[in-house]
Amino acid sequence: MPNKTIYVSDDDMPLFRRAQELAGGNLSAAISTAVRRYVDIEEGRQEGYDEIIVRIGPGKGRKQRFSGVLLGEWGRSTSQRFEIFRVYRSRTGKFVVHVERSAQLTSDSEKWTTGWRAWVGNWSSDQAWGVTAPESILHIAGTLEELRDLLPPELYEMVADMADQPVIEDLDI
């Protein structure tokens, strides 16, 4: 295997020592992983894609990352919760749907869902309510047909119109 020498400034030595520790003592593996990630991100950026980081799961959830371009965003709300749908096209051509749902309020009283006028007048002491944790979901679709089942019709129409557009169009002007 070829041997390469990397010169590291004294100021950067703590960083390289820490990388070596995190890689189980193998600095070469840490450098290769970092360079591979850098190349992947930069090639995607040159192709017009952004690094997208989303949260998935209940509450704060966990983070997931991919390269993509935003095709459309759509939201809706009810008296109990709101939802935000974002659709991305990934570097591999798949559609990525990220859905964020707020905490949901449930109540046995109409007062919570009918607006401020319900609060004027009758005060009932017999009320119960509950709140669910917010959640986020990530779906991946390989085709527009698969995407149709994951989106509200209004957003699907917006995205379907944009799906065939290139991420970057080179103009010969």
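## Overall surface and fold

The protein chain exposes about 12400 Å², of which carbon and sulfur atoms supply 52%, with accessible areas taken from the Shrake-Rupley method and a 1.4 Å probe, where for residues only the protein chains shown count as cover. This is a predicted model, in which local features need pLDDT of at least 70 and side-chain atom pairs count only at pLDDT 80 or more, while totals for chains, interfaces and linings use all residues. Residues are numbered from 1 along each chain as its sequence is written, and side-chain values use heavy atoms, with hydrogens and water left out.

The chain has four helices and seven strands, which are DSSP runs numbered from the N terminus (helices H or I, at least four residues; strands E, at least two). Their order from the N terminus is α-α-β-β-β-β-β-β-β-α-α. Buried residues make up 24% of the 173 residues, where buried means under 20% relative accessible area, exposed over 50%, and partly exposed in between.

## Aromatic pairs

Two aromatic pairs are found in the whole structure; rings of Phe, Tyr and Trp (its six-membered ring) pair if their centres lie within 6.5 Å, and planes under 30 degrees apart count as stacked, over 60 as edge-to-face and the rest as tilted. The rings of Phe 66 and Tyr 88 are edge-to-face, because their centres are 5.5 Å apart and their planes stand at 80 degrees. Phe 66 belongs to strand β2 (residues 62–77) and Tyr 88 to strand β3 (residues 82–90), so this pair ties together parts 22 residues apart in sequence.

Trp 74 and Phe 85 form a tilted pair, 6.2 Å centre to centre with 55 degrees between the planes. Trp 74 is buried, with a relative accessible area of 18%, and Phe 85 is buried at 3%.

Methods:
Buried means under 20% relative accessible area, exposed over 50%, partly exposed in between (1.4 Å probe, protein chains only).
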